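Work through the exercises below with the structure in view. Try each task before reading its solution.

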Amino acid sequence: MAEPSPAAFLPLLREQSGALSARVAKLWSLPDDLVQALEQQHAPGMAGSLGRVLQVANELAELHFLLAAGRMGEMTVERRLGELGVPREIFVKLNGLSVSS
């Protein structure tokens, strides 16, 4: 069986992951503000401050893995960091925290 194309899979994953995460958070009786942030994390322009933190953190994680896998170049990462308002030094420090097995 063929693997799904990332171009088809990633938008669906992004669309559904917030709702799924929020549902799990509700089942675990996590605080309402966290549940709301999880619901909003993939809704640009609609997220509150905690939802925005999740959006940026998620994107930084994606940039880290895409760069490490050679699927995204340094210049593209630099451009996206600028758009996110994240200094390169912060991204480098976060990458240094990752644990490889």
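A residue counts as buried under 20% relative accessible area and as exposed over 50%. The model is predicted.

**Exercise 1. Which residues of helix H4 are buried, and which are exposed?**

Solution. 
1. Take helix H4, residues 74-84. Val77, Leu81 and Leu84 are its buried residues.
2. Look down the axis of H4. The buried residues fall within an arc of 65 degrees, so they line one face of the helix.
3. Recall the helical repeat. An α-helix has 3.6 residues a turn, so residues three or four places apart point the same way.
4. Turn to the other side of H4. Met75 and Gly82 are exposed there.
5. Find the cover. H3 and H5 are among the elements over the buried residues of H4.
6. Step past the helix end. Gly85 follows H4 and has a positive phi, near 75 degrees.

**Exercise 2. At what angle do helices H3 and H5 pack?**

Solution. 
1. Locate the pair: H3 spans residues 49-68 and H5 spans residues 88-97.
2. Compare the axes. They lie 11 Å apart, at an angle of about 70 degrees.
3. Classify the angle. The range 65 to 115 degrees counts as roughly perpendicular, so H3 is roughly perpendicular to H5.
4. List the contacts. H3 brings Leu60, Leu63, His64 and Leu67. H5 brings Phe91, Leu94 and Asn95.
5. Sort this contact by class: 5 residues are nonpolar, 2 are polar and none is charged.

**Exercise 3. Where is confidence lowest, and where is it highest?**

Solution. 
1. Start with the protein chain: its average pLDDT is 84, and 86% of the residues score at least 70.
2. Helix H1 (residues 6-27) is lowest, at a mean of 80. H4 is highest, at 92.

Methods: Residues are numbered from 1 along each chain as its sequence is written. This is a predicted model: local features need pLDDT of at least 70, side-chain atom pairs count only at pLDDT 80 or more; totals for chains, interfaces and linings use all residues. Side-chain values use heavy atoms; hydrogens and water are left out. Axes are lines fitted to C-alpha atoms, for helices over the stretch in contact, and angles run from 0 to 180 degrees between N-to-C directions. Helices (H or I, at least four residues) and strands (E, at least two) are DSSP runs, numbered from the N terminus. Angles under 35 degrees count as roughly parallel, over 145 as roughly antiparallel, 65 to 115 as roughly perpendicular and the rest as oblique. Contact means heavy atoms within 4.5 Å. Ala, Val, Leu, Ile, Met, Phe, Trp, Tyr, Cys and Pro count as nonpolar, Asp, Glu, Lys and Arg as charged, and the others, Gly among them, as polar. Buried means under 20% relative accessible area, exposed over 50%, partly exposed in between (1.4 Å probe, protein chains only). The arc is that of the directions from the helix axis to the C-beta atoms. pLDDT is the predictor's confidence in each residue, from 0 to 100.
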